[in-house]
Amino acid sequence: GVDDNLRRQDAQIGGIRVLGSTSEIAQLVKKYEIGVIVYAISDLEESEQNRILGYCKQTPARVVLLPDIVDVIQTRFEGSQKLEPVAYRPSSPLDGR
């Protein structure tokens, strides 16, 4: 992974080692022979997202955009009734007694 926060360099975030900053993406792709870049950052301003995607597109690696799953779910259910939790209890042969 990459992160522009210098304190996170060489750290692990969610089990993924931070290899460098976003400006180093091209060098990292070459050094580690990366074939696919998974872009999963959604909480940045559009200009920052475009800057980072620009670095990714300068490489021969395939860029896969991973949407924020929470945003996807909220958008999908927007305007529909609030979903209530449902308790599940498997039926039992004793239910009819």
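**Salt bridges and a nonpolar core**

The side chains of D3 and R8 form a salt bridge, 3.0 Å from N to O; the term means a side-chain nitrogen of Lys or Arg within 4 Å of a carboxyl oxygen of Asp or Glu. This is a predicted model, where local features need pLDDT of at least 70, side-chain atom pairs count only at pLDDT 80 or more, and totals for chains, interfaces and linings use all residues. Residues are numbered from 1 along each chain as its sequence is written, and side-chain values use heavy atoms, leaving out hydrogens and water.

Back to the pair. D3 is buried, at 14% relative accessibility, while R8 is partly exposed at 39%. Buried means under 20% relative accessible area, exposed over 50%, and partly exposed in between, with a 1.4 Å probe and protein chains only.

How many salt bridges are there in the whole structure? Four. Another one joins R51 and E48, at 2.9 Å from N to O. These two residues sit three apart in helix α2, so about one helical turn separates them. D4 is linked with E48 and R51 in a network of salt bridges.

Next, the core. The largest nonpolar core has eight residues, including I25, Y39 and C56. Such a core is a set of buried Ala, Val, Leu, Ile, Met, Phe, Trp, Tyr and Cys residues joined through side-chain atoms within 4.5 Å. Helix α2 contributes the most to this core, three residues. Helices (H or I, at least four residues) and strands (E, at least two) are DSSP runs, numbered from the N terminus.

Overall, the protein has three helices and four strands, in the order β-β-α-β-α-β-α.
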